[in-house]
Amino acid sequence: MHSAADGSKTIQHAADHVKPGDTVIVHAGTYAGFRVSAVGTQTAPIAFVADGTVSIDGASTTDRDAIHIAGASWIRVEGFTVTGVADGLDPDRTAQGGAP
């Protein structure tokens, strides 16, 4: 389990280090947008879960996507509010496998 609870850890840091079966708990606050390219499995998906009111600011990213999922599979994103975005959640629709 990973947590984006303090200033030294970001959601992007967690996204860069997750493995199949991991859950990233994001505590209340406002965070920069992030990109996910990790690969989970059907039996061990990767989850990003908001704990409280969590806002993801897409305006802080170059592509203005709050949560950009590219080359990833079996990723679950739950409970986030997105702001300042071109696309709130941008899944790479060309990726193979994974849940919609």
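This is a short tour of a predicted model, one selection at a time.

Residues are numbered from 1 along the chain as its sequence is written. Local features need pLDDT of at least 70 and side-chain atom pairs count only at pLDDT 80 or more, while totals for chains, interfaces and linings use all residues; side-chain values use heavy atoms, without hydrogens or water.

Start with the whole chain. Its secondary structure consists of 1 helix and 7 strands, in the order β-α-β-β-β-β-β-β from the N terminus. Helices (H or I, at least four residues) and strands (E, at least two) are DSSP runs, numbered from the N terminus.

Next, colour by pLDDT, the predictor's confidence in each residue, from 0 to 100. The chain average is 82. Select residues 93-100, where pLDDT stays under 50. Where pLDDT is low, the predicted coordinates should not be read in detail.

Now select strand S5, residues 65-69. Valine 36 has isoleucine 69 of S5 as its bridge partner.

Val36 also belongs to the largest nonpolar core, a set of 21 residues. Such a core is made of buried Ala, Val, Leu, Ile, Met, Phe, Trp, Tyr and Cys residues joined through side-chain atoms within 4.5 Å. S4 (46-57) supplies the largest share, 5 residues.

Finally, select phenylalanine 48. Beyond its neighbours within four places in sequence, its contacts (heavy atoms within 4.5 Å) include Ile11, Val24, Phe34, Val36 and Phe80.

How values were computed
Two strands pair if DSSP finds at least two bridges between them. Buried means under 20% relative accessible area, exposed over 50%, partly exposed in between (1.4 Å probe, protein chains only).
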